[in-house]
Amino acid sequence: MTAYVVFIKDGVNDQAELDQYNAKAGASIAGNPSFYFVNGTGLTIREVYVSLSTDSNWGGDRLGQNVLQPGQRLQVSLPAGRVCTVDMRVVYADGRSFERR
């Protein structure tokens with residue numbers, strides 16, 4: 001799996017941290033949109049939805065019955081070869097949500 005890390009901090013990706021972790025992982029994103037989603041918010045996440053930007057719906061919650069505690073990561077596998085951009089929706093334990101399209 002091609003892996004790169006996505007940090008979500010208060011709804012903002014921190015590019016410096018992304019670059020640092022990607023360099024450590026030796027990540028390459030060519031042709032493969034799969035990645036590791038890392039909860040860098042300090043808040044518990046109860047739902048994560050990720051879809052290719054070309055898809056018209058979110059699909060299912062990728063956490064199922066689990067939650068993602070601060071610092072934990074989730075492997076997100078997506079089909080290779082179509083597009084490498086994704087849309088994300090996160091629902092926190094307190095019910096607030098954030099979308100990035």
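Predicted model: local features only at pLDDT ≥ 70, side-chain atom pairs only at ≥ 80, totals over all residues.
Which backbone oxygen does the side chain of R62 reach?

Hello, and thanks for having me.

Let's start with the overall layout. The protein has one helix and six strands. If you walk along the sequence, the elements come in the pattern β-α-β-β-β-β-β. The protein has 101 residues, and buried ones make up 39% of them. Its accessible surface is about 5600 Å², with 47% of that belonging to carbon and sulfur atoms. And if you take contacts between residues at least 6 apart in sequence, 70% of them join residues at least 24 apart.

Now, the sheet. Three strands form an open sheet in the order β3-β5-β6, and the pairing is antiparallel. Strand β3, residues 45-52, and strand β6, residues 97-100, are at the edges; each has a single partner strand, so one side of each has no neighbour in the sheet. From one strand to the next, the twist averages 10°.

Strand β3 meets β5, residues 86-92, over seven bridges in the antiparallel sense. If you'd like a spot to look at, find Y49, which stands opposite R89 in β5. While you are in β5, have a look at M88, which is placed in that strand too. Is M88 buried or exposed? It is buried, because its relative accessible area is 7% and the cut-off for buried is under 20%. M88 and E99 are eleven residues apart along the chain, yet 5.6 Å separates their C-alpha atoms.

Back to our opening question, then. The side chain of R62 reaches the backbone oxygen of V50, at 3.2 Å. R62 itself is in the loop between β3 and β4, the latter being residues 73-76. With a relative accessibility of 32%, R62 counts as partly exposed. Setting aside neighbours within four places in sequence, R62 is in contact with V48, V50, L74, V76, S77 and L78. Take V76 from that list: R62 and V76 are 14 residues apart in sequence, and their C-alpha atoms are 7.9 Å apart in space.

My next residue is N39, in strand β2, residues 35-39. N39 counts as buried, at 1% relative accessibility. What does its side chain do there? The side chains of N39 and T41 are joined by a polar contact of 2.6 Å. A polar atom of the N39 side chain also lies 3.4 Å from the backbone oxygen of Q69. Leaving out residues up to four places away in sequence, N39 touches T44, I45, L68, Q69, P70, G71 and Q72.

Last stop, the nonpolar core. In soluble globular proteins, nonpolar side chains tend to be buried together. How many residues does the largest nonpolar core have here? It has 15, and F35, F37, I45 and V50 are the ones with the most contacts inside it. Strands β2, β3, β4 and β5 each supply at least two residues of this core.

Conventions: Residues numbered from 1 in each chain as written. Heavy atoms only, no water. Helix = DSSP H or I, 4+ residues; strand = E, 2+ residues; numbered from the N terminus. Buried < 20%, exposed > 50% of the residue type's maximum accessible area, 1.4 Å probe, protein only. Contact = heavy atoms within 4.5 Å. Areas by Shrake-Rupley, 256 points an atom, 1.4 Å probe, with all protein chains shown as cover. Pairing = 2+ DSSP bridges. Axes fitted to C-alpha atoms, helices over the stretch in contact; angles between N-to-C directions. Polar contact = N/O pair within 3.5 Å; in protein donor to acceptor, adjacent residues only side chain to side chain. Core = buried A, V, L, I, M, F, W, Y, C linked by side-chain atoms within 4.5 Å.
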